[in-house]
Amino acid sequence: MIQPFTPEPIRFVAEDGTPVQPLPERYTPEVLRDLHRLMLQAREFDRKLITLLRQGRTTFYAQSSGMEATQVGLARSIRVGHDWVWPYYRDHTLGLAMGVPMAELISQCLGTNSDSCRGRQMPHHFAAQRQNFVSISSSIASQVPPAAGNAMAQKYLGVDEITVCTFGDGATSEGDWHAGMNMAGAAQAPALFVCENNQWAISTSIREQTASETIHIKAKAYGMPGYYVDGNDIIAVMEVCGYAAEQVRSGHGPALVECLTYRVGSHSNADADAEKHYRTREEVDAWLARDPITRLERLLAHLGHPVTAEERAAMIAQTHREVDEQVLAAEVTGQPDWRIMFEDVYADLPDHLRQQEAFLRAEQTGGRA
């Protein structure tokens, strides 16, 4: 049984790739290789999107490099398309691992006609209807209260769905986070709250934003168990999040999981050169040595199923080709027309918007119909 409120993060695999406790039988070499493929794909997707950003083909992006084990592990711990996910703005790896097509993510980042939002949402703020992946918002912790309400509705309806709500450590310093946690705890709603504790809330360290020793310990205030897991150990993430999810689903009320991880990149493209401003190169290098992809590769080598350099290079090249192909496919659809701003909101357009539409049409067409 997974225990709550452990003093140290729960771990199954050491940083050198050796198991520190018996691995469940379901982690066959084939399963581990599939997890490795997903994590490596997400890492390379990150790198390619940063290139697109520097080329001016998109305007905003928040990397998740270093956090792949947390997000892929969570995706493999829930019932995708059945449960509901209220994400935060660094969760594209979670989306990819849940089966959101890369083409949809790229179209949304580029804001082309192939984007389901047709360019009307901030780049890198996607939603995915088939996966029950709710639209991302930039407002810190704003997803937590509606996620609690979603879970309360699930309890009222008597369904076996759960609500999964993710956030960074910075969100736990916001009033919305405490309000949502309190609502879910008081209602004993089926909500799984997952803190992707990557150590930094933009430029504010975890030590500067809370006097609490950990994040998961805060669960005690809201009457729910708190679990502490090594977020760079994908097996530990899957075991803890999977256990917590099924406890929530079984009617035991909400739970909080803190995944201790690290974002090795900047907060976003608006926050370049983090090491020059608020953290040290030594700190980043120390966490790079704990890289979740490298740890899984070391585990596979320990089990006698190593990922060769040639295999790794082939997977990287394949991801780069796929991103390049999807970028071209999205761009060829063109940019959305100005008329879309008047669509999809009202069944009957109000008079003031009809007037604005007519004004813009005249301006765009030089008075021609």
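Student: Leaving out residues up to four places away in sequence, which residues does Leu 192 touch?

Tutor: Contact here means heavy atoms within 4.5 Å. By that rule Leu 192 touches Ile 162, Thr 163, Val 164, Cys 165, Cys 241, Ala 244, Ala 245, Val 248, Ala 255 and Val 257. Keep in mind that this is a predicted model: local features need pLDDT of at least 70, side-chain atom pairs count only at pLDDT 80 or more, and totals for chains, interfaces and linings use all residues. Residues are numbered from 1 along each chain as its sequence is written, and side-chain values use heavy atoms, with hydrogens and water left out.

Student: How many residues does the largest nonpolar core have?

Tutor: The general idea is that in soluble globular proteins, nonpolar side chains tend to be buried together. A nonpolar core is a set of buried Ala, Val, Leu, Ile, Met, Phe, Trp, Tyr and Cys residues joined through side-chain atoms within 4.5 Å. Buried means under 20% relative accessible area, exposed means over 50%, and partly exposed is in between (1.4 Å probe, protein chains only). In this model the largest core has 69 residues, and Phe 45, Leu 192, Ile 234 and Val 257 have the most contacts inside it. A second, separate core of 23 residues includes Met 181, Ala 191, Ala 219 and Leu 256.

Student: At what angle do α1 and α4 cross?

Tutor: Helices (H or I, at least four residues) and strands (E, at least two) are DSSP runs, numbered from the N terminus. Axes are lines fitted to C-alpha atoms, for helices over the stretch in contact, and angles run from 0 to 180 degrees between N-to-C directions. Helix α1 (residues 29–54) and helix α4 (residues 102–110) cross at roughly 25 degrees, their axes coming within 13 Å. So α1 is roughly parallel to α4; angles under 35 degrees count as roughly parallel, over 145 as roughly antiparallel, 65 to 115 as roughly perpendicular and the rest as oblique. Gln 41, Phe 45 and Leu 49 of α1 meet Met 102, Leu 105, Ile 106 and Cys 109 of α4.

Student: And what about α2 and α8, how do their axes cross?

Tutor: The axes of α2 (residues 68–75) and α8 (residues 234–252) come within 8 Å and cross at roughly 40 degrees, so these two helices are oblique to each other. On the α2 side, Ala 69, Thr 70, Val 72, Gly 73 and Leu 74 make the contact, while α8 brings Ile 234, Val 237, Met 238 and Cys 241.

Student: Is Met 238 buried or exposed?

Tutor: Met 238, found in helix α8, counts as buried because its relative accessibility is 5%. Beyond its neighbours within four places in sequence, Met 238 is in contact with Arg 26, Tyr 27, Leu 35, Gly 73, Arg 76, Ser 77 and Tyr 243.

Student: Where does Ile 202 lie?

Tutor: Ile 202 is in the loop between β4 (200–201) and β5 (204–205). Ile 202 also has a positive phi, about 55 degrees, and is partly exposed, with a relative accessible area of 43%.
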